[in-house]
Amino acid sequence: GARHVVAGGHDADGADALGKLQGTGPQPHVILLDMMMPRMDGWTFVAQQVKNPALAVIPVVVLSAAPCELLAGVRAVAILQKPLNFDDLLMVVRTHC
């Protein structure tokens, strides 16, 4: 079956998501990551994610309104610009799930 982790709510940030991923629950097949979040942004999240071997193997799909040149060095299997094209998002998620 599908596995998922949700750092829910309108104030979810990288720190919340990282805390849930480091918990004992099942790991997701893919992480959908907004780069511009409060407390811990997406760049910091990815830097922390790759330090943990169990989390480093989970593919990251970046969803961002940030300019493309700011996203060039981000470790991700896909970078989707906002506003999102949901067909593109579904195609990327299906590839990794």
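The crossing of helices α1 and α2 is right-handed, a crossing being called right-handed if the near helix is turned clockwise from the far one by less than a right angle, and left-handed if anticlockwise. This description rests on a predicted model, in which local features need pLDDT of at least 70 and side-chain atom pairs count only at pLDDT 80 or more, whereas totals for chains, interfaces and linings use all residues. Residues are numbered from 1 along each chain as its sequence is written, and side-chain values use heavy atoms, with hydrogens and water left out.

Helix α1 (residues 14-21) packs against α2 at an angle of about 25 degrees, the two axes lying 9 Å apart; axes are lines fitted to C-alpha atoms, for helices over the stretch in contact, and angles run from 0 to 180 degrees between N-to-C directions. The two helices are therefore roughly parallel to each other, a term that applies to angles under 35 degrees. On the α1 side Gly14, Ala17, Leu18 and Leu21 meet Phe45, Gln48 and Gln49 of α2, where contact means heavy atoms within 4.5 Å.

In total the protein holds five helices and three strands, taken as DSSP runs numbered from the N terminus, with helices (H or I) of at least four residues and strands (E) of at least two. From the N terminus on, these elements follow the order α-β-α-α-β-α-β-α.

The three strands form an open sheet in the order β1-β2-β3 with parallel pairing, two strands being paired if DSSP finds at least two bridges between them. Strands β1 (31-34) and β3 (78-81) stand at the edges with a single partner strand each, so one side of each is left without a neighbour in the sheet. Neighbouring strands of the sheet are turned by 25 degrees against each other on average, direction ignored. Between β1 and β2 (residues 60-64) the parallel pairing extends over four bridges, and aspartate 34 stands opposite leucine 63 in β2. Helix α2 (residues 42-49) packs on this sheet, touching β1 and β2, and its direction makes about 140 degrees with that of β1. Helix α5 (residues 86-96), by contrast, lies across β1, β2 and β3, running at about 165 degrees to β3.

Of the 97 residues in the protein, 34% are buried, that is, under 20% relative accessible area, with exposed meaning over 50% (1.4 Å probe, protein chains only). Cysteine 68 is exposed at a relative accessible area of 52%, and cysteine 97 is exposed at 54%. A search of the whole structure finds zero disulfides, defined as pairs of cysteine sulfur atoms within 2.5 Å.

Terms used: Parallel < 35°, antiparallel > 145°, perpendicular 65-115°, else oblique.
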